[in-house]
Amino acid sequence: QFKPFVGAGFGGRSYLFQASALNNRSCTLGYGTLGTEFQVSKIALRLEGRDNLFCYHSPMATGGSNTRNDVSVSFGLAYHIR
């Protein structure tokens, strides 16, 4: 049986650099996901597409900032306890 799903979330992202010439930065992020599972008994095959949207601040003092996104597709195996 196929079980489609959607999801969304938010959080934070930090860039911590070891070089003293670079500034550490933190900012917020959000994501949206869309996928499906094909479940047989307690085992399911899972396919998910996700888009992460986040801010980016250059670690250089003279650098700027902008909004970026990462798109990913993942395939996995799920085990349902209930």
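This is a predicted model: local features need pLDDT of at least 70, side-chain atom pairs count only at pLDDT 80 or more; totals for chains, interfaces and linings use all residues.
## Contacts and the basis of the model

Contact here means that heavy atoms lie within 4.5 Å of each other.

## Overall form of the chain

The protein chain contains 0 helices and 4 strands, so that, read from the N terminus on, its elements follow the order β-β-β-β. Along the principal axes, the C-alpha atoms occupy a box of roughly 55 × 20 × 20 Å, and the radius of gyration of the protein chain is 18 Å, whereas a compact globule of 82 residues would have a value near 12 Å.

Among contacts with a separation of 6 or more, 50% are made by residues 24 or more positions apart.

## Thr33 in strand E2

Thr33 is found in strand E2, and it counts as buried because its relative accessible area is 10%, where the cut-off for burial is under 20%. Once residues up to four places away in sequence are set aside, Thr33 touches Phe5, Val6 and Gly7 as well as Glu48, Gly49 and Arg50.

Two of these neighbours also take part in polar interactions with the side chain of Thr33: the side chain of Glu48 is joined to that of Thr33 by a polar contact of 2.9 Å, and the backbone oxygen of Gly49 lies 3.0 Å from a polar atom of the Thr33 side chain.

## Gln39 in strand E2

Gln39 also has its place in strand E2, which spans residues 25-40. With a relative accessibility of 13%, Gln39 counts as buried, since this value falls under the 20% limit.

Leaving out neighbours within four places in sequence, Gln39 is in contact with Gln1, Lys3, Ala44 and His80. With one of these residues, Lys3, the contact includes a polar one, in which the side chains of Gln39 and Lys3 approach to 2.6 Å.

## The two residues together

The side chain of Thr33 has a polar contact with the side chain of Glu48, and the side chain of Gln39 has one with the side chain of Lys3.

Notes: Residues are numbered from 1 along each chain as its sequence is written. Side-chain values use heavy atoms; hydrogens and water are left out. Helices (H or I, at least four residues) and strands (E, at least two) are DSSP runs, numbered from the N terminus. Buried means under 20% relative accessible area, exposed over 50%, partly exposed in between (1.4 Å probe, protein chains only). A polar contact is a pair of N or O atoms within 3.5 Å; within protein, one must be able to donate a hydrogen and the other to accept it, and residues adjacent in sequence count only if both atoms are side-chain atoms. The radius of gyration is taken over C-alpha atoms; the globule rule is 2.2 Å times the number of residues to the power 0.38.
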